[in-house]
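Please open the structure in your viewer and keep the selection tool at hand.

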Amino acid sequence: MMLALKGIRRKELGPNPTKVVDVPCPQKLLVALRQQRAVTCTPKVGEGDRVLAGQVLAASEDPPGYIYSPTSGTIEGLVTTVDPHGQEVEALVLAGDGKHEWVETAGLVAEAHQVGELGPEKVLERVQELGLVRFGQVGSSLAEEITPPRVPAGYLAHTGTPVAKPIDTLIVKAVDHDPPVNPNQAAAHTQPEALIVGAKALEVATGAERVVVVAWQAPDGLKGAVEEAGWELVELNPGRYPFALDPLVVWQVTKREVPVAYGRPQDVGVAIVPAVSVVELGLGLTTGRPAVERVVPVVGDVHKPGLYRLLLGTPVESAIEAAGGFKGAPGKVLAGGPMMGLGLYDLGAPLTAEVEGIYVMSEERLKSFTDHPCIHCGACVRACPVGLVPAEIAKFCEFGRFEDAAQVNLMWCVECGCCAYVCPARRPMVQLIRLGKYRLLAS
Amino acid sequence: MSERLLTLSPPPHLLGGRTIRSMNLETLCAMGPAVGVGLYYFGLAALKVLVLAVASTTITEYLVCRITGRASTLGDLHAVVMGLLLGMILPPGAPWWLPIVGGFFAVVVGKMLFGGLGNYPMNPVLIAWAALALSWAHQMSAFYEPGALGEVVASPLMQFKDDIAAIESFELWDLWIGNSAGAIGAVGTWALAIGGVYLVIRRIVPWQIPFGVLLGVVVMSLVAGYLDPNLSEMGWEGLGEHLTLAWFHMATGGLMIVAFFLAPEPVTSPMTPWACFLYGLGIGCMTVIVRTWGAPVDGAYYAVLVMNAATPLLDKIRPRVLGKGVVSA
């Protein structure tokens, strides 16, 4: 049976991806010691030390991870703060001196045209060294994302999925799943050269035979370069949400189905990397410098919504100030977009490498869920992009029947939130589904 | 820690504009044309029945909420929709107490005893209709011919039941524009279809249900027509003439209001596309079977009740899940 991509219509498009505003370094940066989930680094510098931009501030052995100094300045100590996921985390306080002096680059620096000749091991090593975090909701390291699953995992044998396959397709995702937060589109528009270099390196590292750049309204420069490299450019329509979630992009481009419940795109031989990570890799290879800044969309109810180039470690508060401050009474501040973003409760939280953007909602726009029983209208079934029956799953979860919910494919949900968006009874579908997943995994 | 208080909630942080209230409001608007046709042909008698039915459901629902100590659910307009639908399937000559008893029964037994909107297993309006039709069969067939109010006549469907040859005495055109004896809101076939198409376009009604009902009627009418010796004696030949039977079934009794308003009632109809289609198909087929071979005059309402009972079973037909298919390299 043919699957149709359903989802919902979302007309709110992101800010102009070519216009980026530089924001001066705030007085104090908070460099969180956990830039990606499950990897907490130990500090390598002490209070009062003077550091340079690009210097290693903290590192961890296993799994390997490095955190670099975003700018030059003095370390003022270690404080406890929250990261944008709401978890407590230790952070180094760095007082910038405004000079932004770079440390001598020690690592490998390649010319743009040489990247294709690097070996896969070299690239992977470099990805590790640069401490690149796979940008977005996944929160694992980029190195992990581009290596094929090495061990034939036992749990796959029961599912009929072929195991331990090499990666044969590389997808560079220059589209964003949650408009108007559009960091990937911005990365592809502002730094197409770095994108090409990074993609070449990833092509080498993964050994992919097919490279697909997924973009929307790609700039001519990018189109030409993609053609020259012998890759494909696929345009996806951003008017429908959630067309750009990883499993759905993989399905649209390759017609392969990612087993969401227990697998990742690598399990079907696809590496899918967001443009932001690709650009960071490209810049890292050509300049030898780690990524210490990000183009962050600050959108929603702020006075000047747009793209802002911010140093990692900038507190969210400063980012909102740079965007002109709150418009109306502040209601919610989200790390990520309006459909999948996480609410922040402390604006002192620093930007980490995982944050896609900041979406601000004023108090008037807040909507609330209700505890009305499901009216069985089927709107969620017509909206679910992966073909679930969300009403049924949510009902099971509501009444604590988590095993039954698993029977009707609870674990295959991608948590896009379309069901809650269309629900006329305003049921908190995603919350119930997450409760179910949490309880199942905890038991 | 900054001092500002912010709201936290699980995603999504945006919600679509549709609520239960807006859904019911649009359904009421879609019923407008059919109600207008009923009032045009049956005048004050029809208005009396409709007003009493709506008043009965809303007041009963208010009282039930008061007595059970729940917050009033009148705001979602579901009681109004129920009342209006009930009034629409009653005959214009119904005595004053009939819609009142019906509305009370629909709300108390059909809806609130099960826990209110979202929990009842069968369409409460039709539960009430069935109770009335079984208890007061005589009053429930007080049909008037438009233009001759006060004079009880047999509806086209009753004449058809007595003698299938009666079908030749009706003008199909009159049946479709509503100029015939029948229930208040069910005679205006074209008006119901217009309202129904609006609901389908607005995606309040999944298109599969009305499509299934109408397809079922056509298919089963053809079967019934070709099997009936009377029709061949009357000289019916070819597909075109046999389809007349289908057009007749669609325009009489409660078929059109069932197809677009009663069968797709959200709580009691299935959710998934194929289940919706089969549910509609079952209703369409069963309607014609009862009308042709069964004992009751109109099978449309009973067909909905029977298929309501099958809804939990039909809901087991689930769409294919992305990621569970064959993973090909």
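This is a predicted model: local features need pLDDT of at least 70, side-chain atom pairs count only at pLDDT 80 or more; totals for chains, interfaces and linings use all residues.

## A tour by selection

Begin by selecting B:Arg202 together with B:Glu26, which form a salt bridge whose closest N and O atoms are 2.7 Å apart. With a relative accessibility of 36%, B:Arg202 counts as partly exposed, whereas B:Glu26, at 13%, counts as buried.

Next, colour the whole of chain A, in which you can trace 14 helices and 19 strands. Its radius of gyration is 22 Å, close to the 22 Å that the globule rule gives for 443 residues, so chain A is as compact as a globular protein of that length. If you draw a box along the principal axes, the C-alpha atoms of chain A fill roughly 65 × 50 × 45 Å. Of the 443 residues in chain A, 59% are buried.

Within chain A, select helix H4 (residues 183-190), which is mostly covered, with 7 of its 8 residues buried. Among the buried residues of H4(A) you can pick out A:Pro183, A:Asn184 and A:His189.

Now turn to the charged side chains, remembering that those of opposite charge can pair when their charged atoms come close. Select A:Asp83 and A:Arg34, a salt bridge in which the closest N and O atoms are 3.3 Å apart. Here A:Asp83 lies in the loop between strand E8 (73-82) and strand E9 (88-96) of chain A, and A:Arg34 in the loop between strand E3 (28-32) and strand E4 (42-43) of chain A, 49 residues apart.

Move on to A:Glu101 and A:Arg50, which form a salt bridge with their closest N and O atoms 2.5 Å apart. Because A:Glu101 lies in the loop between E9 and helix H1 (120-129) of chain A and A:Arg50 in strand E5 (residues 50-51) of chain A, the pair ties together parts that are 51 residues apart in sequence. A:Glu101 is partly exposed, with a relative accessible area of 33%, and A:Arg50 is also partly exposed, at 44%.

Notes: Residues are numbered from 1 along each chain as its sequence is written. Chains are lettered from A and ligands numbered from 1 in the order in which they are written. Side-chain values use heavy atoms; hydrogens and water are left out. Helices (H or I, at least four residues) and strands (E, at least two) are DSSP runs, numbered from the N terminus. The radius of gyration is taken over C-alpha atoms; the globule rule is 2.2 Å times the number of residues to the power 0.38. Buried means under 20% relative accessible area, exposed over 50%, partly exposed in between (1.4 Å probe, protein chains only). A salt bridge is a side-chain nitrogen of Lys or Arg within 4 Å of a carboxyl oxygen of Asp or Glu.
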